[in-house]
Amino acid sequence: MIALRDNCKLWSRGTNVTIEPFWFDVGRTKWSLEWLLMNTRYFPEAVPDVSVLCDVLSDQSRAAMCAALMSGTAWTVGELGHYAGVSRSTATEHVNKLVKVDIARDIRQGRHRYVTLAGSQVAEAIESLGVLSSDLLPTPQSLNAHRINNALTYARTCYSHLAGRLGVSLCTHFIEQGFIAPDWAVTTDGVNFFHSWGIDGSKRLMAKACLDCTERQFHVGGALGTYVCQQFFARQWITRVKGTRAVKLTPAGTMMLNELGISLD
């Protein structure tokens, strides 16, 4: 037990003023005004407090949930709990924390609660943290887990664009063919090429370099990356692998890559 003084004394211009103690209820604990004043920290500048976000992301279960949400699709709380290996009630607590700090958003539809990432900026931040991290979340020593991990590195979605070897190979091809300039602007040849894929050239085709967390090379992000990913699904060149953010090339997709001279092996 912490012993606190009975009175909180303030000195102003040589005047000794005694104030009766104030008490605040914080959760199940009572704190005195004196204790709160003594433990308030101030800093030279009002810079963003990223420690709150880092604290939320420091939990492995929440980190796994964020990785799942990088698929760019909505997950139920139960699905996220299954993915992270926790109970539904625990998953609800984790989701509440992610929503509270605007990392995730939730939508209630009927008896289900669907969860998505809060936006592309959050996805970019998570992907960047993945590049910085040298550690991986532990997975079972099983053949199925090995296959899933290989599938993720081969081809996956990075929120709204393609990543893994597929995404990096496409990016390399676009640059080598002159479809994307060194400053990541889409060239005239690029506009014509992407138009052949059904991407409207009148749209603002802005490409963005996104460093891939597994390949450690760039894949195409930005608006162009989103349009390319959408066309891959629309033309059935890829399909989703259930329960992960991995995608699988279809025979039509493999044929298309062969025609472009792109090899993922």
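In this predicted model, the side chains of E124 and K208 meet in a salt bridge, with N and O 3.1 Å apart. The bridge ties together distant parts of the chain: E124 belongs to helix α6 (residues 120–132) and K208 to strand β10 (residues 207–211), 84 residues apart. E124 has a relative accessibility of 30% and therefore counts as partly exposed. K208, at 40% relative accessibility, is likewise partly exposed.

A search of the whole structure finds 4 salt bridges. Three of them, including the pair just described, are set out below.

| Salt bridge | Closest N to O distance |
|---|---|
| R156 and D212 | 3.0 Å |

Helix α6 also supplies E127, whose partner R156 lies in strand β8 (residues 156–158), 29 residues apart from E127. Both E127 and R156 are buried. R156 in turn forms a salt bridge with D212, a residue of the loop between β10 and β11 (218–221) that is 56 residues apart from R156. Because its relative accessibility is 2%, R156 counts as buried; D212 is buried as well, at 0% relative accessibility. Through shared partners, the salt bridges join E127, R156 and D212 into one network.

Strands β10 and β11 run antiparallel and are joined by 4 bridges. L211 has F218 of β11 as its bridge partner. The hairpin has 6 residues between the strands, and in it R216 takes a positive phi near 60°.

How many disulfides does the structure hold? The number is 0. Seen from C210, the closest cysteine sulfur is that of C158. Both residues are buried: C158 has a relative accessible area of 1%, and C210 one of 10%.

The nonpolar interior may be considered next. In soluble globular proteins, nonpolar side chains tend to be buried together. The largest nonpolar core here has 30 residues, of which L166, L170, F174, F194, W197, V228 and F232 touch the most other members. The elements that give two or more residues to this core are α8 (164–176), α9 (188–196), α10 (222–234), β13 (247–249) and α11 (251–260). Helix α10 gives the most, with 5 residues. Leaving aside residues up to four places away in sequence, F174 touches F179, I180, F193, F194, W197, V220 and V228. A second, separate core comprises 26 residues, among them L98, V101, A123 and C210.

A pair of aromatic rings is described by the distance of the centres and the angle of the planes. The structure holds 14 aromatic pairs. In one of them, the rings of F193 and F194 have their centres 5.3 Å apart and their planes at 70°, so the pair is edge-to-face. F193 counts as buried at 14% relative accessibility, and F194 does so at 0%. One aromatic cluster is formed by F174, F179, F193, F194, W197, F232 and W237; F174, F194, W197 and F232 are also among the residues that touch the most other members of the largest core.

Strand β7 (residues 112–117) is joined to β5 by 2 bridges, and the two run antiparallel. Within this pairing, T76 has Y114 of β7 as its bridge partner.

Notes: Residues are numbered from 1 along each chain as its sequence is written. This is a predicted model: local features need pLDDT of at least 70, side-chain atom pairs count only at pLDDT 80 or more; totals for chains, interfaces and linings use all residues. Side-chain values use heavy atoms; hydrogens and water are left out. A nonpolar core is a set of buried Ala, Val, Leu, Ile, Met, Phe, Trp, Tyr and Cys residues joined through side-chain atoms within 4.5 Å. Buried means under 20% relative accessible area, exposed over 50%, partly exposed in between (1.4 Å probe, protein chains only). Contact means heavy atoms within 4.5 Å. A disulfide is a pair of cysteine sulfur atoms within 2.5 Å. Two strands pair if DSSP finds at least two bridges between them. Rings of Phe, Tyr and Trp (its six-membered ring) pair if their centres lie within 6.5 Å; planes under 30 degrees apart count as stacked, over 60 as edge-to-face and the rest as tilted.
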